Amino acid sequence: MSDTPFGFGLPPEEPDDGDEGKKKDQESGGGQGPANPFGFGGLPGAGGFGGPGADNPLAAMFGSLNPTDLGAAFQQLGQMLSYEGGPVNWDMAKQIARQTVSQGTADGTKDASIGPAERTAVQEAVRLADLWLDDATSLPSGAGSAVAWSRAEWVEATLPAWKELVDPVAERVGNAMGDVLPEEMQAMAGPLIGMMRSMGGAMFGTQIGQAVGVLAGEVVGSTDIGLPLGPAGKAALLPANIEAFGKDLGVPKDEVRLYLALREAAHQRLFAHVPWLRSHLYGAVDGYARGIKVDTAKLEDVVGQFDPQNPEQLQDALQQGMFQPEDTPEQKAALARLETALALVEGWVDAVVHAAAKPRLSSADALRETLRRRRASGGPAEQTFATLIGLELRPRRLRDASRLWASLTDARGVDGRDGLWSHPDMLPTASDLDDPDGFVHREQLDFSELDKMLGEAAEKPDLKKKDDPEGGSAE
């Protein structure tokens with residue numbers, strides 16, 4: 001803790017030469033006078049918002065301002081400080097994500113509305129992909145519709161899923177902000193704690209918005225990270241990102257689109273016809289998140305030195321990462337479950353898509369390897385997300401899982417392989433990925449009869465109640 005109450009700091013000393021000194025100090029950019037309001041950096045034209053030499057962590061929120069934009073910027077700051085919602089300011093996250101999308105990607109491509117020709121091309125690609133997948137999997141089509149999204153539409157459609165993923169961890173941070181002060185000081189610091197939480201929600205919203213906005217410039221569909229982010233039963237592709245993805249591959253555009261449609265349609269089949277899978281994956285994420293601890297020492301340091309005129313301190317803390325997985329057996333088990341679940345989903349999709357594409361597309365091998373490398377390396381948005389909640393949503397064991405599913409196809413056929421999705425206890429474990437041959441040739445438990453018996457038992461009425469509605473003896 002700092003020596004001054006709540007870390008607000010002392011007011012600046014009066015200059016020795018009075019008003020004349022104040023004037024010189026402001027002209028030279030010193031202090032926190034009008035030349036540097038709220039500690040956000042100098043004004044436009046002086047290397048301030050978005051200007052040369054600016055290092056403004058709220059630049060994504062305010063953009064490159066000119067003097068006529070300052071009123072809107074300060075209004076936005078007021079909204080940030082007055083936020084009283086949940087652990088993440090999702091209105092701000094959406095706004096930041098849309099602004100990030102509108103700025104375009106690093107290669108200079110801008111977002112654009114989807115035209116009729118692109119919509120038709122996506123619909124036809126998904127329709128053909130579903131026909132090909134009928135030969136590669138026993139799971140029927142899961143895509144009730146096929147849509148072509150712009151990047152902005154992807155942001156809108158996936159924010160509910162991001163909310164479900166991020167809120168549990170953000171809630172832990174919000175609670176930690178109130179806990180770092182000594183109990184006897186919390187009553188006196190009530191307004192400060194409220195402001196800290198508002199700032200935390202806004203800063204989380206800013207970071208998530210930036211991550212989602214950048215990710216919108218990279219993804220090619222709604223299932224790129226292995227989790228279902230879009231509405232159920234809706235296969236979605238992003239034509240602008242598909243164009244950028246295939247630009248330097250030397251593969252015809254139609255083949256690239258079709259291969260990516262195969263992956264999207266395969267994910268949709270899996271999530272549509274394995275009803276427990278979505279909750280299983282999100283439950284694994286939540287289980288992992290519950291074991292994440294906040295670096296309270298770092299947070300105490302931030303709170304102790306918090307300056308209301310320098311709110312970017314919270315942003316810096318988030319960027320540096322305040323979340324560390326607890327080194328406990330339970331947390332290691334949660335991480336193993338999550339990584340294995342993601343690997344099994346992506347490995348199954350990889351194996352099924354390859355089986356469907358290999359006989360029909362000459363570029364199948366090249367596209368498969370390109371996507372594997374892209375998935376393994378991740379992008380800046382995925383890295384930002386990993387910093388925010390301490391979790392990398394990329395399966396490290398994709399190739400192992402893909403080999404296991406392919407071996408299962410050879411040994412048991414398509415029906416035998418896909419039948420493992422009928423119950424979570426039938427799926428391979430992390431140790432099975434280490435010994436795929438042992439798993440493939442091991443006799444698997446069949447839960448279908450047990451599920452049938454349990455279902456029949458649940459449907460049967462209580463005989464005693466049927467014989468005696470009053471609850472007495474049937475004799």
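Which strands and helices are included in what covers the buried residues of H5?

**View 1. Helix H5 and its cover.** This is a predicted model, in which local features need pLDDT of at least 70, side-chain atom pairs count only at pLDDT 80 or more, and totals for chains, interfaces and linings use all residues. Residues are numbered from 1 along each chain as its sequence is written, and side-chain values use heavy atoms, with hydrogens and water left out. Strands E1 (145–148) and E2 (234–237) and helices H9 (239–245), H10 (253–273) and H14 (329–357) are included in what covers the buried residues of H5, where contact means heavy atoms within 4.5 Å. Buried denotes under 20% relative accessible area, exposed over 50%, and partly exposed in between (1.4 Å probe, protein chains only). The buried residues of H5 include Val 122, Val 126 and Trp 132.

**View 2. The salt bridge between Arg 360 and Asp 135.** A salt bridge (a side-chain nitrogen of Lys or Arg within 4 Å of a carboxyl oxygen of Asp or Glu) joins the side chains of Arg 360 and Asp 135 at 2.9 Å, N to O. The pair links distant parts of the chain, 225 residues apart, with Arg 360 in the loop between H14 and helix H15 (364–377) and Asp 135 in the loop between H5 and E1. Arg 360 is partly exposed at 36% relative accessible area, while Asp 135 is exposed at 58%.

**View 3. The salt bridge between Arg 397 and Asp 400.** The closest N and O atoms of Arg 397 and Asp 400 are 3.2 Å apart in this salt bridge. Salt bridges with shared partners join Arg 397, Asp 400, Arg 403 and Asp 434 into one network.

Methods:
Helices (H or I, at least four residues) and strands (E, at least two) are DSSP runs, numbered from the N terminus.
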